[in-house]
Amino acid sequence: MASTFFGLDIGKSGLYIAQSGLNTTAHNIANIETEGYTRQKIVSQADTPIRANGRHGMIGTGVDVVELIQTRDTYYDNKYWNNNAEEGHYEVKHYYMDQIELQFNEFGTSTTGFTEMYGNFFNALDELSNYPSEINYRNVVLQYGEALSEYFTNISTNLQTIQNECNNEIKNIAARINTYANGIASLNEQINTLEMNGGSANDLKDKRDVLVDELSKLVSVTVIDELSDTGSSTYKVKINGQILVEGKNYSELTTVKRTEVTRRNDEDMQGLYDLQWESGVTFDLYYAGLTGEIKGYVDIRDGNDGQITLTGDIGVAYKGIPDYLEEINDWVKEFAFALNELHVTGETLEGEKAEPFYILKDMTLEAQQAEADKEGISLNEYIRRNMTADNWRVNPTIVTNPYKLATTVDVSQGVDSQDLILKLAGLRDERIYVSGNAEDCFQRIVSAIAINTSAAKNMEDSFTNIGKAIVNQRLSISGVDEDEEAMDLVKYQNAYELAAKALT
């Protein structure tokens, strides 16, 4: 049976619910510019009715606040996290492909690109064919020959620098993942403590969601939010198919330097990082489902166009630093070998047998000859096998004495004989590579870089645009709208005034 003050209790519940609505609306408005804030609303229901004074019927007892909820849709959260990871992936690729493209200096109005350097060298050979015995023309050939080797050395050095940058970024990403994991686990503990004691942890959940948003840019994430039998929340975050955070516990990633034995590609720098969990389990950087910024760094650092690696595994199916280093190393090997094979058939102006035009930078010619003899191969073949884009130069013996540059196969025919120098100049158009002459081969490399750069940019733009659409869809549900909150203020104010009149 209702008490004498039954009507007052009903009116009071109306005041309380209206006041809660006003406070929640004010909280939403106050956080309208807060990053990651999710709009909150109260959920109310009719309070438990009591039996009427009679055989049948129930009398309402007012209203009660059931809970304070976030207006959030996990469907759009998952879409955002997946897209954010892909956007981060291609953002990294686009940036570093731009950097790789710049190293070749083949675009714009640069006068230091391959076409200019290569052309200068062969133009100098053409000029020398007109004046074979003139030392000034010989010096020009040597200068441009050295400039060409320095051009490739700079490319190789800069590509290795980019590879090292990506390697360090992978280490930095591992540290950032650990920081986010620590933050999420700490918030999980706070949220569970509040909710187990009947409190609302919506604002803490917003902080946690912001951390997951930022984490999803680095690596693809999967979130599992479940209620345990005790009523507490079990919030899990998985990356790369492995658990990063589970409740208040989290796993850390550590970096392990590769040794000579674990190197994947001939072109790799020493000490590249692999990742593993603190438990010792490997974090698979080549997992098919991996994406995010870390995927971009791995592809640029380790991409060898899917070739078999030194460890016997299938390599990363992307044209990254190892692939470009291999291609320019192959270009240098074959070009220098073809030039040397012709040059050593000639004689110097002093009547001596000519030495190779290009040799290895890090060894004396005598040491290279000794190693070639040990292996039972020709000096030119030894140089070809061991030459890289950052380890070649014009033979210093010829540089210090330009008369040792061979222009004829038989100097007794006259110092102005030009038979050999014409053959050397003819290398410009000779097919010494599978893909054509030296210039064609190099342009094929540059074209592949341009295509990959454009593809990365297009993919980044695509995922950026998709991301904007997802953010708008997300905000349409969870964002705070000024007009909607203004309507709620009027609605709850009117409800409060009506409840007050009921009390009166």
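1. How many salt bridges does the structure hold? The count is 30 salt bridges, a salt bridge being a side-chain nitrogen of Lys or Arg within 4 Å of a carboxyl oxygen of Asp or Glu. This is a predicted model, in which local features need pLDDT of at least 70 and side-chain atom pairs count only at pLDDT 80 or more, while totals for chains, interfaces and linings use all residues. Residues are numbered from 1 along each chain as its sequence is written, and side-chain values use heavy atoms, with hydrogens and water left out.

2. Arginine 474 and aspartate 77 form a salt bridge, with their closest N and O atoms 2.9 Å apart. Arginine 474 belongs to helix H12 (residues 438–478) and aspartate 77 to helix H2 (residues 74–103), so the pair ties together parts that are 397 residues apart in sequence. Helices here are DSSP runs of H or I with at least four residues, and strands are runs of E with at least two, numbered from the N terminus. Both arginine 474 and aspartate 77 are buried; buried means under 20% relative accessible area, exposed over 50%, and partly exposed in between (1.4 Å probe, protein chains only).

3. Lysine 319 has two partners to look at. With aspartate 305 it makes a salt bridge at 4.0 Å, N to O. Lysine 319 and aspartate 305 both lie in the loop between helix H6 (293–302) and helix H7 (321–343), so this pair ties together parts that are 14 residues apart in sequence. Glutamate 327 also meets lysine 319 in a salt bridge, at 3.2 Å, N to O. Lysine 319 is buried at a relative accessible area of 15%, and glutamate 327 is buried at 12%.

4. Is aspartate 305 buried or partly exposed? Its relative accessible area is 42%, so aspartate 305 counts as partly exposed. Phi of aspartate 305 is positive, near 65 degrees, although the residue is not glycine. Most residues other than glycine have a negative phi.

5. Asparagine 240 is another non-glycine residue with a positive phi, of about 55 degrees. Asparagine 240 sits in the loop between strand E6 (233–239) and strand E7 (242–246). With 7% relative accessibility, asparagine 240 counts as buried.

6. Helix H4 (residues 135–196) has 62 residues and should span 92 Å at 1.5 Å a residue; its end C-alpha atoms are 91 Å apart, which agrees. The expected span is 1.5 Å times one less than the number of residues. Just after H4, glycine 198 takes a positive phi of about 85 degrees.

7. Threonine 25 is part of helix H1 (residues 6–30) and is buried, at 2% relative accessibility.

8. Which residues are linked in a network of salt bridges? They are Arg39, Glu484, Glu485, Asp488 and Lys491. A negative surface patch is formed by Glu33, Asp481, Glu482 and Asp483. Patch residues have over 30% relative accessible area and no salt bridge, like charges being joined within 9 Å. Glutamate 482 lies in helix H13 (residues 482–503) and is exposed, with a relative accessible area of 57%.

Key
Patch = residues over 30% accessible without salt bridge, like charges linked within 9 Å, V, L, I, M, F, W, Y side chains within 5 Å. Areas by Shrake-Rupley, 256 points an atom, 1.4 Å probe, with all protein chains shown as cover. Lys, Arg positive; Asp, Glu negative; His and termini not counted. Charge placed at Lys NZ, Arg CZ, Asp CG, Glu CD.
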